[in-house]
Amino acid sequence: MKKKPWFLSIAAVLGFTFLYAPIVSLIVFSFNESKLVTVWSGFSTKWYGKLLEDPQILGAAWISLKIAFVSASLALVFGTLAALVLTRFGRFFGKNLLGGMVTAPLVMPEVITGLSLLLLFVAMESAFGWPAGRGLLTIIIAHTTFCMAYVAIVVQSRLVDMDESLEEAALDLGAKPARVFFDVTLPVIAPALISGWLLSFTLSLDDLVIASFVSGPGASTLPMVIFSKVRLGVSPDINALATIIIVIVALGVAIASTQMKPARDS
Amino acid sequence: MGVDRIETKQTIATGAKPWVDQAEAPFIRISNLTKNFGDFIAVDNVSLDIYRQELFCLLGGSGCGKSTLLRMLAGFETPSSGRIEIDGQDMASIPAYERPTNMMFQSYALFPHMSVEKNVAYGLVRDGVAKAEIAERVAEMLTLVQLDGFAKRKPGQLSGGQRQRVALARSLIKRPKLLLLDEPLGALDKKLREETQFELVNIQESLGVTFIVVTHDQEEAMTLSSRIGVMDRGEIVQVGEPHAIYEYPQSRFVADFIGSVNIFEGRVTEDAENFVRLHSQEGGCDIHVAHGVSCTENQKMWLAVRPEKFSLSKEQPAGKYNFVTGTVDEIAYLGNLSVYRILLASGKNVRATRSNRDRHDAEAAPGWGDTVYLAWDDTAGVVLTQ
């Protein structure tokens, strides 16, 4: 082993501190006994107990998970279709426009996306009565819209890298085009589909701004609840909730990276 | 590969020649086939007949349209105009997945998520062949390409040569009437390529499948094929057996593309029934060709002479015709022969080879800066009018 330069080690330590010190302090304070968030008075798990008794938080978490699951799945389907159209259908009228529009939500300020969707939903409701009111459904539609852009980008880059003669080979060996897609294209782009879905799930779970615009009564997502609670002063049970989320996400990332490895090897 | 197998190739290659037999119907008939991509004409009015059990090579530089032609046969590209018939059947309305052809891709295109066995079996599974038969035929095919014991591996765990053989097995398993091979040996290193060439020929003969091979490597085309079609800018410029292509090229392009050649430009000075005489400014010589050529006096023509057809000496040859003189500019000693580059008075460089037949003739061999004469027989050159 070569000796590592000292300044690289220092840079690494500083970098990790910068990234993880806040998270570590959050986890530590979630076990704080005191009601004051910043004053340590002893170890306790009472905030976790309190959290489990709080129907508002639990309800919001359940709503957020439902929204994230459904909109990530829908975004996966639509985003993959968009990516297929953009990479596999040759040149067609309006291709550049479609390509630009698919990726536009990536760069659009969330406030504008949220506001425009709200206006659209209101206009649609008064025009033909659907979607009736705002709530779960409108949040799912809104999240699907912007998550689709991420899925399209991820899947598109995988499709571009994929050797097209793989599909031709399957066709040549007697598989009809639909069969080729399920036998060859789908397995080859599977890693991109998984990461696209995970990315969408995370983005949806994380979103506050767009959800605030298009949400209605009875459909408060977890970020919305946390944000409104924090405005009244940070209470330690939020720390406990954040710790639980961090643990779940860390587990998810660990599982995903071990599952993705064999796919990447082939 | 054993020597005995190589000899079988010889007997077939020199044996039946369906293309000279008037009664034989062509197996693949390509007529007036054209393909353009926008303004670019990739394949330009190609007509070509290929016979059963041939190993036909399409040879040409990159962008000459040979791959496009192959892809039209496979059904991956739709012709802009013209007709393809395979075994008497028009291919126009038949999609790629129903054609009696299979293709071996340059990149091999092995399915990365399937084992070797599954890759090879894929064509049969799609055809709905019974499981037991699939297993039997896959095992048989893997034996043929010498890959027994690799059935459970993934393509990522194989070497380049093994992958090439999996691709070959996969494309042969459906017993296609016609196998299309796109640069089949392109990704292999030189030594492996030479071994595999003979394997490919053996497999082709043992199965009796018609092969069309696309390659840019003239040596590969010469070794493999029963006939070669040379392509240039979308057109087939010459079709013939390897030795005919080499010894009787019909144009300067073919002469220059296949092997190495010296071309002297000249004008006709005498046009008789059974000989032609040219004067070449470039070569600073008069040329006598011992057969008639349909031409007119003062017409511009070219004489192509292969480097090995020259006799190289320090003495001026007798007679007035068919030699040029210059100084030795460069010598490359290759062991079995030496390649000389001779600089003529006109500034033209001429390549000549001299076989090193005598171990002790270092004294007699011309050296750098020597004035030498390059002479050739009156039948050794090829007269080209285009």
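Tutor: A helix here is a DSSP run of H or I with at least four residues, numbered from the N terminus. The model is predicted, so local features need pLDDT of at least 70 and side-chain atom pairs count only at pLDDT 80 or more, while totals for chains, interfaces and linings use all residues. Residues are numbered from 1 along each chain as its sequence is written, and chains are lettered from A and ligands numbered from 1 in the order in which they are written.

Helix 5 of chain A covers residues 110-128. Its 19 residues should span 27 Å at 1.5 Å a residue, which agrees with the 27 Å between its end C-alpha atoms. The expected span is 1.5 Å times one less than the number of residues.

Thr113(A), Gly114(A), Leu117(A) and Phe121(A) are the buried residues of this helix. They cover an arc of only 95 degrees around the axis, so they sit on the same side of helix 5 of chain A. The arc is that of the directions from the helix axis to the C-beta atoms. Buried means that 20 or more other C-beta atoms, placed from the backbone, lie within 10 Å of a residue's own; exposed means 12 or fewer, and partly exposed is in between. The exposed residues on the other side of helix 5 of chain A are Val111(A), Ile112(A), Leu119(A), Ala123(A), Ser126(A) and Ala127(A).

The buried residues of helix 5 of chain A pack against helix 4 (95-107), helix 6 (136-161) and helix 9 (209-214) of chain A. Two residues are in contact if their C-beta atoms, placed from the backbone, lie within 7 Å.

Now for the second part. Helix 4 of chain B (residues 131-144) has 14 residues and reaches 20 Å from its first C-alpha to its last, close to the 20 Å expected at 1.5 Å a residue. Ile134(B), Val138(B), Met141(B) and Leu142(B) are buried in helix 4 of chain B. Seen down the axis, the buried residues of helix 4 of chain B fall within an arc of 100 degrees, so they line one face. The face turned away from that buried side carries the exposed residues Ala132(B), Glu133(B), Glu136(B), Glu140(B) and Thr143(B). Helix 3 (116-126) and helix 5 (160-172) of chain B are what the buried residues of helix 4 of chain B pack against. Just after helix 4 of chain B comes Gln146(B), with a positive phi of about 60 degrees.

Technical notes. Helix = DSSP H or I, 4+ residues; strand = E, 2+ residues; numbered from the N terminus.
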